[in-house]
2 protein chains.
Amino acid sequence: MDYSKMSPHEVRQLIREGKITTQTSGMCDGYAQGNLLILPKEQAYDFLLFTQRNPKSCPILEVGDVGSRELKYMAKDADIATDIPKYRVYEYGKLTGEYTDISHLWRDDFVFFLIGCSFSFESELLSADVPVRHIEEGRNVPMYLTNIDCVPAGIFHGKTVVSMRPMTPEKAIKAVSVTASMPRVHGAPIHIGEGAKIGIKDINKPDFGDSVTIHEGEIPVFWCCGVTPQSAVMSAKPPIAISHAPGHMFITDVKNSLLKD
Amino acid sequence: MDYSKMSPHEVRQLIREGKITTQTSGMCDGYAQGNLLILPKEQAYDFLLFTQRNPKSCPILEVGDVGSRELKYMAKDADIATDIPKYRVYEYGKLTGEYTDISHLWRDDFVFFLIGCSFSFESELLSADVPVRHIEEGRNVPMYLTNIDCVPAGIFHGKTVVSMRPMTPEKAIKAVSVTASMPRVHGAPIHIGEGAKIGIKDINKPDFGDSVTIHEGEIPVFWCCGVTPQSAVMSAKPPIAISHAPGHMFITDVKNSLLKD
């Protein structure tokens, strides 16, 4: 089955019926996918403030009303509790279960946060002829823990995690200009060049994801990464938090190209 | 006394000592000024979500920690309860008092929101040779209630209020490009041209502020305006809300030119 040409609505329907439980990468060509985080209202204020204070790490696509599973802006006829192929439930920071549907766990005080994802700007980079090495090499994007503190908010704090894509300086300039116009999916890079300046010891040994080839004459370009809010939440150890399983994202009705400001 | 060349720190000190109780327009050349809104924590979540959903109307410069009067990012050694020349207190949506200091009213559950203001982009427009008519004519900016609904959040909802500056189409293009890079002070215009399209009946009769001259060959350019969050809060009638008195703003340590993305 080729899901790349199907509409987000059709694919979400198959996910809801339990017919798709795999990663969503490559599905619904051109449409933005989002990271999920669900928290009880009690922790939601601090997290909303954390996203406001760290917009490059936590670019919000949509925040649900308290207790509501319905999306109003990013998708029609969607249910955040059933339309993601795989969810992870964390209690006090510990993974306690994986589910393909969380309807039975939903609570009246739950608030969902849909967070922009680098898939969206990568599709725009490729359109602008900027190479995306980990896609070329069929690997996961390399990610690094930096020494850059997030701005804390209530119970949430932590270091910034970045993703890296190597390219020539000429392409790096193009990449800044393309992604600067996309603040809802991490925006412009946070750093260019020497990893050591932001606390990265060995560029060939990412903390998460895979290492990629850096060709002669290329420089690493670093963007804020969606792992940052996830790790801030996990280390705050709230009584309950629910996220998507890695790579199992929510597919929106909004095209990547429309996430430009 | 010429306050235009003084530093924000010096002027805030004079305000704190009660030696300045006037409007802050023209003080501390080049530094950003912000609108204030203080709400109890109970209403702050809804308001924070309202600002997230309506970023062009409610561009946030800083949100305080619960109970804290201290600014961490926009100013050093500042006290939000003393460093504004005039405050207004509203109870259940009704103005109940004006104060030059609100220390005695401060509560442990208060959260302050400092909101970006069009003063900042006007200074950048002038630097780019874009005319700002109400400044030329020594009037208040004309503001209009539109038929554009804000995206509601909890108890907060309402129509969008816009400010208008007339200019030639050539200058309007320049103005879009200058302000698009300043999302923390309302960003790009929300509309250009015919006021009727956004529910404005008579461009010569603004709902707030003063009317300004529109020369032959000029078109009106409309930006979201800081009156929107104020009126959304007033109509939600929270038990208590505190704002700056019109024109009596908080002067930050951050230059307007640094509010660019």
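Before we start, a word on conventions: residues are numbered from 1 along each chain as its sequence is written, and chains are lettered from A, with ligands numbered from 1, in the order in which they are written. Since this is a predicted model, local features need pLDDT of at least 70 and side-chain atom pairs count only at pLDDT 80 or more, while totals for chains, interfaces and linings use all residues.

Let me begin with the two copies. Chain B can be laid on chain A by a turn of 180° and a shift of 0.0 Å along the axis, with an RMSD of 0.0 Å, where the superposition is by least squares on the C-alpha atoms of residues with pLDDT of at least 70 in both. The two copies are thus related as by a two-fold rotation axis. In chain B, the C-alpha nearest that axis belongs to Tyr45(B), and the distance is 2.8 Å.

How many residues of chain B are in contact with chain A? Nine residues of chain B are in contact with nine residues of chain A, and by contact I mean that the C-beta atoms, placed from the backbone, lie within 7 Å. Helix H2 (41-53) and strand S2 (60-63) of chain B are the elements that give two or more residues to this side, helices (H or I, at least four residues) and strands (E, at least two) being DSSP runs numbered from the N terminus. H2(B) gives the most, with four residues. Of the interface residues of chain B, 100% are also interface residues in chain A, so the copies meet through the same surface.

Now we turn to chain A by itself. Chain A is divided into domain 1 (3-116 + 237-259) and domain 2 (119-229), with bounds that come from an automatic or database domain assignment. The C-alpha centres of these two domains lie 23 Å apart, and 23 residues of domain 1 are in contact with 22 residues of domain 2. On the domain 1 side, the elements that give two or more residues are S1, helix H2 (41-53) and strand S5 (110-116) of chain A, and the largest share, six residues, comes from H2(A).

Next, some strands of chain A. Strand S10 (residues 241-244) pairs in the antiparallel sense with strand S1 (residues 31-40) over two bridges, and with strand S3 (residues 87-91) over four bridges, also antiparallel; two strands pair if DSSP finds at least two bridges between them. Ile38(A) has Ile242(A) as its bridge partner in S10(A), and Arg88(A) has Ser243(A).

Are the residues of S10(A) buried or exposed? Ala241(A) and Ser243(A) point one way and Ile242(A) and His244(A) the other way, and all are buried, that is, 20 or more other C-beta atoms, placed from the backbone, lie within 10 Å of their own. In a regular strand the side chains alternate between the two faces of the sheet.

S3(A) and S4(A) run antiparallel and are joined by five bridges, and Arg88(A) stands opposite Glu98(A) in S4(A). Their hairpin has two residues between the strands, and there Tyr92(A) takes a positive phi near 50°.

Definitions and conventions
Two residues are in contact if their C-beta atoms, placed from the backbone, lie within 7 Å. A residue is buried if 20 or more other C-beta atoms lie within 10 Å of its own, exposed if 12 or fewer, and partly exposed in between; C-beta atoms are placed from the backbone.
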